[in-house]
Amino acid sequence: MADILELRVRKQFVDFQLDVSATFPTGVIVIFGPSGSGKTTLLNCIAGLDRPDEGEILLNGTTLFSSSAKINLPPERRRIGYMFQDSLLFPHLSVEDNINFGYKLTPPELRRIHPGHLLELLELESLIKRKPDSLSVGERQRVVLARSLATSPDLLLLDEPLSSLHMSIKGRILRYLRLLDSELGIPMIYVSHSISEALALGHKALILDGGEQVAFGEPRTILMSSGDAPNLHVESLENFFDVEISQQRPDDGITVVKIGNDSLELPWVQADVGQTISISIKASDIIIAAQRPESISARNILEATIEQM
């Protein structure tokens, strides 16, 4: 993967210093760390909302910031989309007008993504005339994502966009983000304190702790190695899967899904047979046994081979 972002950032606060040097390739980069580790501050420096005390930031070879050369491009000239924790949609505009707002501000020669394609990709066609206050949380997040992409950014920043979402919505947004990565090829920097999201989405992960860079590399390697990931609670880990509904048994309250060559029985999900949904299996809900267990309450028992410890 080609490198698209080079940065060396140092910013001093009263009791905290952000000090990061990294080169990011294309794809999805996850910035992981506990609250107060400097994740959002780093994003704000990249976007131009905060000014580093010292360093350089280059995007696709263009200098966005350089303390030595006295360069500091304003946010609107950086060609960066930013999806904040809060939706920040214009309440008086429809879904369609919210998405078109950034598109119309983008010079025609720089427009690479048409709003109509985003409406289709994020399944928003049926919502275009509605106002933000009539949307669900998940629908608003999809509109915010579409509006961020409508400017055809060279880089998309996402600051914990799933932190307040229910698992059923969270999995769906993760699926959309993976689709955007494959369909549009826009590099993303995704801030999260969830190791599960980092493992599900990231091509590379940067771990911050106390404002300092702890590790950078392949997510599963560095996040699961002891000592690299601060405040990691293994019991909170979730495994995200996209599965297809193969059978509905409403009388039993059961939905059956296909995952690879196996089937899983889930609590009832309101969806059609053949539809793809996202599910989460917590690490703490998985039991490994050398022999097939008997007389236990587990509904799903699968045979597997352990390939690596």
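Across the whole structure, a search finds 11 salt bridges. The model is a predicted one. Start with Arg 10. Arg 10 forms a salt bridge with Asp 19, and the closest N and O atoms are 3.5 Å apart. Glu 54 also meets Arg 10 in a salt bridge, again at 3.5 Å, N to O. Glu 54 sits in strand β4 (residues 54–59) and Arg 10 in strand β1 (residues 3–12), so this pair ties together parts that are 44 residues apart in sequence. Arg 10 has a relative accessible area of 32%. The values are 27% for Asp 19 and 33% for Glu 54. Each of these falls between the 20% limit for buried and the 50% limit for exposed, so Arg 10, Asp 19 and Glu 54 count as partly exposed.

Another bridge lies elsewhere in the chain. The side chains of Asp 154 and Arg 112 meet at 3.6 Å, N to O. Asp 154 belongs to the loop between α4 and β8, and Arg 112 to the loop between α2 and α3, so the pair links parts that are 42 residues apart in sequence. Asp 154 is partly exposed, at 26% relative accessibility. Shared partners join Arg 8, Arg 10, Asp 19, Glu 54 and Glu 56 into one salt-bridge network.

The largest nonpolar core has 35 residues. Among those with the most contacts inside this core are Ile 99, Leu 145, Leu 158 and Leu 177. Elements that each supply at least two of its residues include β3 (28–32), α2 (95–105), α4 (137–149), β8 (155–159) and α5 (167–184). A second, separate core has 29 residues, including Ile 29, Leu 73, Ile 189 and Val 191.

Follow α2 next. Its buried residues are Val 95, Asn 98, Ile 99, Asn 100, Gly 102 and Tyr 103. They pack against α3 and α4. Ser 94 is in the loop between β7 (80–83) and α2. Ser 94 is buried, with a relative accessible area of 8%. The Ser 94 side chain reaches the backbone nitrogen of Asp 97 at 3.1 Å. Beyond four places in sequence, Ser 94 is in contact with Ile 128, Lys 129, Arg 130 and Lys 131.

End at the surface. Ile 286, Ile 288, Ile 306 and Met 309 make a nonpolar patch of about 530 Å². Met 309 is in the segment after β15 (276–282). Met 309 counts as exposed, at 91% relative accessibility.

Conventions. Residues are numbered from 1 along each chain as its sequence is written. This is a predicted model: local features need pLDDT of at least 70, side-chain atom pairs count only at pLDDT 80 or more; totals for chains, interfaces and linings use all residues. Side-chain values use heavy atoms; hydrogens and water are left out. Patches are made of residues with over 30% relative accessible area and no salt bridge: like charges are joined within 9 Å, nonpolar side chains (Val, Leu, Ile, Met, Phe, Trp, Tyr) within 5 Å. Accessible areas come from the Shrake-Rupley method with a 1.4 Å probe; for residues, only the protein chains shown count as cover. A salt bridge is a side-chain nitrogen of Lys or Arg within 4 Å of a carboxyl oxygen of Asp or Glu. Helices (H or I, at least four residues) and strands (E, at least two) are DSSP runs, numbered from the N terminus. Buried means under 20% relative accessible area, exposed over 50%, partly exposed in between (1.4 Å probe, protein chains only). A nonpolar core is a set of buried Ala, Val, Leu, Ile, Met, Phe, Trp, Tyr and Cys residues joined through side-chain atoms within 4.5 Å. A polar contact is a pair of N or O atoms within 3.5 Å; within protein, one must be able to donate a hydrogen and the other to accept it, and residues adjacent in sequence count only if both atoms are side-chain atoms. Contact means heavy atoms within 4.5 Å.
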